[in-house]
Amino acid sequence: MDAAPRLPVDRLLDDPGTRIIVCCGAGGVGKTTTAAALGVRAAERGRKVVVLTIDPARRLAQSMGIDSLDNTPRRVKGVDGADGGELHAMMLDMKRTFDEIVEGHADSERAEAILANPFYQSLSAGFAGTQEYMAMEKLGQLRAREDWDLIVVDTPPSRSALDFLDAPKRLGSFLDGKFIRVLMAPAKVGGRAGMKFLNVGMSLMTGTLSKLMGASLLKDVQTFVAAMDTMFGGFRTRADATFRLLQAPGTAFLVVAAPEPDALREAAYFVERLAAEKMPLAGLVLNRVHVSGADQLSAERALAAAENLEEGGIVDQESGNAGLRDSAAEADATDAGAAESGVDADVDEITAGLLRLHAERMQVIAREQRTRDRFTSLHPEVAVAEVAALPGDVHDLAGLRAIGERLAAGVPAGA
């Protein structure tokens, strides 16, 4: 099978036309680490970068030496800016971003009423799709500021590969949908006619909704809708604008995965969906790939050698001398030989154990290779960068630099 084309990471980072890099994929595959490593490498190659993370584990702050991340980009210290690069990092505050939208698009009195509304508080804190929508809102805000020439986005951890693309449109459709318009209708009619419309035309519907939602919640929703009336169109407009921004030539999507069947199956869904939506896919980052510096020794040969050592240890054991020793010198010589034999046995046992560990590693490597080959056979056009598994977690800038170097190399060290 032909190898997949190599993903030219440095070329992507150095290209001034690349303004947005979106790291997407299933949860737990290293999206946050990949986004941070790309940010560090791009900054140290002369770009002014901001990394936007939506990762709830907050590992990005630790690795970048920042006590805490919030909705404001913060400068990362320790990044080599000799070439004029800078690195900032921030973590999406979903509710604060929603509040900023309200404050920026409503007068102070209406904004205060919206922010205090119980339904709004629930919507802004946990409505399905709000996190993804607000991530796109924040991306649009950062892009409009022109303070950075590269934005790296770490997308929300989603159970479904399609949530990231679908949720912003779902929330925009909800806020601009028929249900909201029906609730808004009485307020739009206004005055006595409005009351008559509410009492006659909507009495059945509001009665049913009161039973389903509770009268208090229904009142909160109607108050929220009335206050947000002038803003609903803006949500849909901004969602559409950000969607077009993601389709623009200056955006590059990186699908991040691990060399495991479930993760690569999710990656395949992402690749297909991005193609369907005409999103610019740069390639696949394959994290935590296992490698060996002795891959010329196959698993089969390593197991055979381990078995030979173990069997040889048993065969070489000689029966003890039942006769009496004639002298102390002979006894000492016998003891020395036994001690040397014991050392050899220990060495053989350790060597056999190491051979078996190597055999297990080679079996894992072979299994990962088969999984990669299946993905490549389905998507031979997708460029791939492989990142070797590290012995420990990445927790500082040095670790992020190491990841960046492996990303740029495109293949794991030792492969």
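**Briefing on the predicted protein model**

At 52% relative accessibility, Leu 357 counts as exposed, a class that requires over 50% relative accessible area, with buried meaning under 20% and partly exposed in between (1.4 Å probe, protein chains only). This is a predicted model, in which local features need pLDDT of at least 70 and side-chain atom pairs count only at pLDDT 80 or more, while totals for chains, interfaces and linings use all residues. Residues are numbered from 1 along each chain as its sequence is written, and side-chain values use heavy atoms, with hydrogens and water left out.

**Confidence**
- The mean pLDDT (the predictor's confidence in each residue, from 0 to 100) is 79 for the protein, and 71% of its residues reach 70 or more.

**Fold**
- The secondary structure comes to 17 helices and eight strands, taken as DSSP runs (helices H or I, at least four residues; strands E, at least two) numbered from the N terminus.
- Of the 415 residues of the protein, 44% count as buried.
- Of the contacts with a separation of 6 or more, 79% are between residues 24 or more positions apart.

**Location of Leu 357**
- Leu 357 is found in helix 16, which covers residues 328–378.

Terms used
Contact = heavy atoms within 4.5 Å.
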